[in-house]
Amino acid sequence: MSAAAGRLEALLQLMRRLRDPQRGCPWDRAQDFATIAPHTIEEAYELEDAIAGGEAARIRDELGDLLFQVVFHAQLAAERGWFEFADVAAGIHDKLVRRHPHVFGDAAPGAEADLARAWDEAKARERAAAGAGGALAGVALALPALARASKLARRAGAVGFDWFDERAVRPKIAEELRETEEAIGAGDAAAVEEELGDVLFAVANWARLLKVDPESALRAANRKFERRFAAMEALAQSRGWALADLDAARWEELWTSVKAAE
């Protein structure tokens with residue numbers, strides 16, 4: 001047995017012990033798929049943060065946390081007689097072999113765009129075989145809204161419903177902004193929310209056509225804002241200014257100073 005296989009088996013045994021009805025942990029025994037799912041999503045985001053920070057030790061730890069989530073879900077399934085962890089591993093192994101005919105089969109390797117198209121086509125065939133109807137079927141509701149918007153539009157684009165290129169999206173964004181302004185002018189709160197949603201959906205599509213992940217772009221913008229705001233706080237403190245007392249002109253002065261210093 002390899003070191004990796006041995007460590008994985010030890011983790012599976014640990015999970016079984018945590019869920020043992022007599023000797024296990026009360027918290028772990030009380031969990032089910034629904035209660036564990038939010039932790040799984042959180043661990044995926046914490047891994048993304050570690051990757052963004054380029055921290056090798058933290059990436060390793062977060063990968064471990066995410067692996068434990070997979071092991072936990074597999075144990076819950078095993079207790080219900082649905083499947084074992086080995087079935088999960090076998091399933092993804094076979095799926096990846098099936099989706100890489102240019103590596104494991106007779107298909108010739110192509111350009112990256114051709115491979116991406118072949119991947120999407122393979123996934124579409126799998127959805128059809130599973131009885132999922134429609135090009136947009138199976139796009140997870142739990143995805144972050146921007147990521148889901150991008151994926152929905154990519155699915156629609158794969159069957160021909162798409163803009164010609166990224167330049168064609170700009171007028172749509174302008175149109176949606178005008179409609180938002182009209183809703184604001186009419187004092188219609190529900191319409192404002194709807195039109196702002198259309199703006200965000202159009203922007204997500206623009207990002208997709210520009211080959212930018214909208215979630216990654218917004219996360220980077222969030223980090224930049226956090227960094228700049230912390231710098232403004234430090235600068236205000238160095239000048240003896242209380243944040244609660246600052247007017248718009250002082251805030252603008254701080255913001256301009258911090259941006260210039262970057």
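Predicted model: local features only at pLDDT ≥ 70, side-chain atom pairs only at ≥ 80, totals over all residues.
Modeller: Residues are numbered from 1 along each chain as its sequence is written, and side-chain values use heavy atoms, with hydrogens and water left out.

Colleague: What makes the contact of Arg16 and Glu9 a salt bridge?

Modeller: A salt bridge needs a side-chain nitrogen of Lys or Arg within 4 Å of a carboxyl oxygen of Asp or Glu. For Arg16 and Glu9 the N to O distance is 3.1 Å, so the pair qualifies. The structure holds 14 salt bridges.

Colleague: Why is Glu62 called buried?

Modeller: Buried means under 20% relative accessible area, exposed over 50%, and partly exposed in between (1.4 Å probe, protein chains only). Glu62 has 9%, so Glu62 is buried.

Colleague: Which residue does Glu62 pair with, and where do the two lie?

Modeller: The side chain of Glu62 forms a salt bridge with that of Arg58, at 3.9 Å, N to O. Both lie in helix α4 (residues 56-79), four residues apart, about one turn of the helix; helices here are DSSP runs (H or I, at least four residues), numbered from the N terminus. Arg58 is partly exposed, because its relative accessibility is 29%.

Colleague: Why is Arg60 called exposed?

Modeller: Its relative accessible area is 55%, so Arg60 counts as exposed. Arg60 meets Asp61 in a salt bridge of 3.2 Å, N to O, and Asp61 is partly exposed at 40%.
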